[in-house]
Amino acid sequence: MIYPWLTAHWDFFTQRLEQSRLAHALMIEGPDGGGKNALAAAMVARLLCTENEPEACGRCFSCKLLAGGAHPDRFDIQPEEDSTVIKVDQVRELIASLNLTCSVSQRKVAYIHPAQNMNMASANALLKCLEEPVGDAVLILVCSEPSRLPVTIRSRCQSIVIHEPDAGLVLQWLKETSARPEADVSMALAAAGGSPLRAASYLQAPESNAYGQVQEALATLLTRPAAVSQVSTGLAKLGPDDLWRWLSMCVTELVKSVMGGKGTNWLPADSRLQVTSLLALQQQADLNRRLSASPIRGDLLLQDWLIRWAEQSFQ
Ligand SMILES: [Zn+2]
């Protein structure tokens, strides 16, 4: 199934394929939660399928092998379990395998993700393969931060860019797939920062009102600043990546409402918020989201941030 906001990308791919004009290497670029990996998976399946249908048939021997995770002509290159880097040995091994004869399908397909996690040595090894393509092999690179890849790699790939999709289209899809009321769906999409698949996962999760929970926690601290420790324990259960994104979004919303001279429906009407403090809190939340992937103690980052938030009640 191709997500409705990706049909133009899919059509581009199938037209090129049918006209035998598909590049040897494709680079799918776009933010996380926009469907890059699903699009890549559909392309891999279509390229390997032995039936000539618009999408992979799901019935042939190739499709069955792929569904079982054991297709000999498909190569999945991603950081190994103990690493965040795609290592040069993985790329060399891939190139050696691509040189062998196909076993089942007409071509071999390599799926490399996230491509920005290649180090310089891996990227250089791959570059040789991009300069001198191997037979009918197709490389599909998936990347959320293309600027981290050498220009030489990017310039040798056919680029397929996924932009943030039209909100109306996504809301309609979320309503249909989740069968939830419009208000829940809009809230989830706002909490997900416009990312369709992240919004869908919020709607599936039982704690899908987590964004509301974050707003409530912030409101509590303005009236009871001493509750930092208790509020922090409750919020920590939400997971750092989502939590910092939501805290940043809540504060951004407040900056807009203070600058527009309006209140919000989730804070006490007499809250005295200042734009400078809010902007500093928002920057800190964005920084803490990046730090949350490092070994720094997340509970201390959160408590420190909440104390700074609560201090606004004394201003
Ligand atoms: Zn098939």
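## Overall architecture

The protein chain comprises 14 helices and five strands, where helices (H or I, at least four residues) and strands (E, at least two) are DSSP runs numbered from the N terminus. This is a predicted model, in which local features need pLDDT of at least 70 and side-chain atom pairs count only at pLDDT 80 or more, whereas totals for chains, interfaces and linings use all residues. Residues are numbered from 1 along each chain as its sequence is written.

Taken along the principal axes, the C-alpha atoms of the protein chain fill a box of roughly 70 × 40 × 35 Å. Of the 315 residues, 33% are buried, a residue being buried if 20 or more other C-beta atoms lie within 10 Å of its own, exposed if 12 or fewer, and partly exposed in between, with C-beta atoms placed from the backbone. Among contacts with a separation of 6 or more, 70% join residues 24 or more positions apart; two residues are in contact if their C-beta atoms, placed from the backbone, lie within 7 Å.

## Domains

The chain is divided into domain 1 (4–161), domain 2 (167–193 + 197–204) and domain 3 (210–314), with bounds that come from an automatic or database domain assignment. The centres of domain 2 and domain 3, taken over C-alpha atoms, are separated by 23 Å, and four residues of domain 2 are in contact with five residues of domain 3. The side of domain 2 that touches domain 3 has three nonpolar, one polar and no charged residues, where Ala, Val, Leu, Ile, Met, Phe, Trp, Tyr, Cys and Pro count as nonpolar, Asp, Glu, Lys and Arg as charged, and the others, Gly among them, as polar.

## Helix 4

In helix 4 (residues 88–98), the buried residues are Gln90, Val91, Leu94 and Leu98. They lie on the same side of helix 4 because they cover an arc of only 95 degrees around the axis, the arc being that of the directions from the helix axis to the C-beta atoms. These buried residues pack against strand 2 (74–77), strand 3 (109–112) and helix 5 (120–131), while the face turned away from the buried side carries the exposed residues Asp89 and Ala96.

## Helix 12

The 20 residues of helix 12 (residues 240–259) should span 28 Å at 1.5 Å a residue, which agrees with the 28 Å between its end C-alpha atoms; the expected span is 1.5 Å times one less than the number of residues. Buried residues in helix 12 include Trp244, Arg245, Trp246 and Cys250, and what covers its buried residues includes helix 8 (182–191), helix 10 (210–223), helix 11 (228–236) and helix 13 (275–291). Just after helix 12, glycine 261 takes a positive phi of about 70 degrees.
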